[in-house]
Amino acid sequence: MKTMTRAILFAFAAACGAAAALAAPPAPATEAAAATPGIRAWWENPRVVERLNLAPDQQKRIQELVFRHTEKMIDLRAEKQRAQLDLSRLLDAEALNDGALDKAAEALDAAQCSVERAQTRLRIEIARVLSREQRRALRDLVRERGEEIRRTLRDAARDRRQQQR
């Protein structure tokens with residue numbers, strides 16, 4: 001049962017992560033989108049709203065989750081950058097200190113895990129807002145969008161090869 005639950009969570013996590021990439025039609029410019037750099041307000045995208053049959057209260061709850069997540073991520077990413085910088089400084093030193101390097105590597109690992117954990121928690125919280133049918137529809141929508149992106153990239157590569165001839 002645990003394996004099945006993990007598989008479902010993993011599939012949903014992938015779906016939610018890719019859902020942010022849904023682009024057609026573009027989401028309206030909102031405070032949520034402006035306040036969350038790099039995160040498109042997919043929950044306001046008319047295509048997604050219609051396909052998932054998202055209710056206004058679900059959209060609002062998702063927006064609130066993303067706001068809280070974005071605030072946490074500011075600190076977590078800063079912590080990760082500091083850990084990367086600390087490790088870089090130690091690696092650039094004249095003499096390498098194994099103890100300090102191990103400690104810095106562990107700090108970087110912990111910071112990276114914190115970022116991943118926060119992203120996974122957001123996906124889980126969003127899953128709790130959606131019904132089972134909505135989660136399935138989102139997964140299907142993400143899969144379709146991924147196929148569209150792959151097709152577009154494949155066509156662009158073919159066009160480039162033809163232009164080079």
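Predicted model: local features only at pLDDT ≥ 70, side-chain atom pairs only at ≥ 80, totals over all residues.
The side chains of Glu148 and Arg145 form a salt bridge with an N to O distance of 3.0 Å, where a salt bridge is a side-chain nitrogen of Lys or Arg within 4 Å of a carboxyl oxygen of Asp or Glu. Both residues lie in helix 6, three residues apart, about one turn of the helix.

Residues are numbered from 1 along each chain as its sequence is written, and side-chain values use heavy atoms, with hydrogens and water left out.

Glu148 also forms a salt bridge with Arg47, with the closest N and O atoms 3.4 Å apart. This pair links distant parts of the chain, as Glu148 is in helix 6 (residues 132–164) and Arg47 in helix 3 (residues 46–52), 101 residues apart. In helix 4, Asp86 and Arg89 are three residues apart, so about one helical turn separates them. A search of the whole structure finds nine salt bridges, including these:

| Salt bridge | N to O distance |
|---|---|
| Glu148 and Arg145 | 3.0 Å |
| Glu148 and Arg47 | 3.4 Å |
| Asp86 and Arg89 | 4.0 Å |

Burial is classed by relative accessible area: buried is under 20%, exposed over 50%, and partly exposed in between (1.4 Å probe, protein chains only). Arg145 is buried at 16%, whereas Glu148 is partly exposed at 25% and Arg47 is partly exposed at 21%. Asp86 is partly exposed at 40%, and Arg89 is exposed at 55%.

His69 lies in helix 4 (residues 56–92) and is buried, with a relative accessible area of 9%. Leaving aside neighbours within four places in sequence, His69 is in contact (heavy atoms within 4.5 Å) with Ala118, Gln119 and Leu122.

Glu106, in helix 5 (residues 98–129), is exposed at 58% relative accessibility.

For the chain as a whole, the secondary structure comes to six helices and zero strands. Helices (H or I, at least four residues) and strands (E, at least two) are DSSP runs, numbered from the N terminus. Buried residues make up 30% of the 165 residues. Among contacts between residues at least 6 apart in sequence, 64% join residues at least 24 apart.
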